[in-house]
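Me: I would like to learn how to read the features of a structure like this one. Please show me, one feature at a time.

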Amino acid sequence: MSATTTTTAPTQRNSSVPQRYSRRRAVKVYGTEARQEFLKLVRIPIFAASTIALPLMFYVIFGIAFAGEQAGGVGVTTYMLVTYGAFGVIGAALFGFGVSVAVERGQGWMRLKRVAPMPPLAYFVAKVLMSLAIATIIVLAMFALGALLGGVRLGLAQWVVLGLALVAGALPFSAMGLAFGYLVGPNSAPAVLNLAWLPMAFASGLWIPIAQLPELVQSVAPFLPPYHFVQLALGTIGASEGGSPAAHAGAVLAFTVVFLLVAAWGFRRDEGRTYG
């Protein structure tokens, strides 16, 4: 009995070593995949120019240019800091996630990833982390621009809460980008996303305060995901145009679930499909 005990105990201790080693390797794979995903997009000049610079340029033209006016009970520079921040975050998630997935499907990269010895979720987690990183860069740049040129003055707690709310928006719209990435082909993805995203941004009040839009557009806005997201963000500075935070959060969550279901269906449909 004692001999049996002394031989099995070391075996149990040693069996945990490969598990710890596997966990370390998995973490390293996730980190490497996320880092390379981030570097890949940042090294593309058109991505940096269109995704990061565009909301900053719009804020200067349509926000700071109308400084002194009011919107949503706050200064227009403060109001549009939130709306154009949301515009930048959503755009980064949609195009950084959706277009890249569609293009990589067309290149056969997805099939290679499936047979590679890496965790299946590493590819998608890396893109989500990339979206969060780009969103953080956009939000910090917007905050600096608003504080230095727009005269935006918020308490420290408001800056932090608003920043977290905006960056968190990358998560549901990454799901939306993933759905688009599996629904459209690699060549048509940028055009289709622009056709869907730009009217949606306008109708959701991301460019012009929702109260200044035509009544028909205002009636459509509650059916659009960006509207509920930006109302949540505006609520952190007391400028929400209506509706309870719980209702807006529930709508964003519901849209996210729908997008994930569509993406899952597209993923299964894409098995064995080729392009070119």
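Reply: Start with burial: a residue counts as buried when its relative accessible area is under 20%. This is a predicted model, and buried residues make up 43% of the 276 residues in the protein.

Me: Which residues of α10 are buried?

Reply: The buried residues of α10 are Pro225, Pro226, Tyr227, His228, Phe229, Val230, Gln231, Ala233 and Leu234. That is nine of the 11 residues of the helix, residues 225-235, so α10 is largely enclosed by the rest of the structure.

Me: Which elements do the buried residues of α10 pack against?

Reply: They pack against five named helices: α3, α6 (156-168), α7, α8 and α11 (245-269).

Me: What is the order of elements from the N terminus on?

Reply: The protein has 11 helices and two strands. From the N terminus on, the order is α-α-β-β-α-α-α-α-α-α-α-α-α. For contacts, look at separation in sequence as well. Among contacts with a separation of 6 or more, 75% are between residues 24 or more positions apart.

Me: Where is Ser204, and what does Ser204 contact?

Reply: Ser204 lies in the loop between α8 and α9 (215-220). Ser204 counts as buried, at 1% relative accessibility. A polar atom of the Ser204 side chain lies 3.4 Å from the backbone nitrogen of Tyr227. Beyond its neighbours within four places in sequence, Ser204 is in contact with Ile210, Leu224, Pro226, Tyr227 and Val230. Pro226, Tyr227 and Val230 are among the buried residues of α10.

Me: How far apart are Ala175 and Ala263, in sequence and in space?

Reply: They are 88 residues apart in sequence, and their C-alpha atoms are 7.6 Å apart. Ala175 is found in helix α7, residues 170-183. With a relative accessible area of 6%, Ala175 is buried. Apart from residues up to four places away in sequence, Ala175 touches Thr256, Phe259 and Leu260.

Me: How much space lies in the largest pocket?

Reply: Rolling a probe the size of a water molecule over the atoms shows where empty space is left. Here, the largest pocket holds about 460 Å³. The pocket is lined by 23 residues, and those closest to its centre are Phe47, Ser50, Thr51, Phe95 and Val99. The elements giving two or more residues to this lining are α1 (2-42), α2 (45-63), α3 and α8 (189-203). The most comes from α3, with nine residues. By class, the lining has 14 nonpolar, seven polar and two charged residues.

Note on methods
Residues are numbered from 1 along each chain as its sequence is written. This is a predicted model: local features need pLDDT of at least 70, side-chain atom pairs count only at pLDDT 80 or more; totals for chains, interfaces and linings use all residues. Side-chain values use heavy atoms; hydrogens and water are left out. On a 1 Å grid over the protein atoms alone, a cavity is a set of points where a 1.4 Å probe fits but cannot get out, and a pocket is an open set with protein on both sides within 12 Å along at least five of seven lines; lining residues have an atom within 4 Å of a point. Grid points are joined across faces, edges and corners, and a volume is the space filled by probe spheres set on the points. Helices (H or I, at least four residues) and strands (E, at least two) are DSSP runs, numbered from the N terminus. Ala, Val, Leu, Ile, Met, Phe, Trp, Tyr, Cys and Pro count as nonpolar, Asp, Glu, Lys and Arg as charged, and the others, Gly among them, as polar. Buried means under 20% relative accessible area, exposed over 50%, partly exposed in between (1.4 Å probe, protein chains only). Contact means heavy atoms within 4.5 Å. A polar contact is a pair of N or O atoms within 3.5 Å; within protein, one must be able to donate a hydrogen and the other to accept it, and residues adjacent in sequence count only if both atoms are side-chain atoms.
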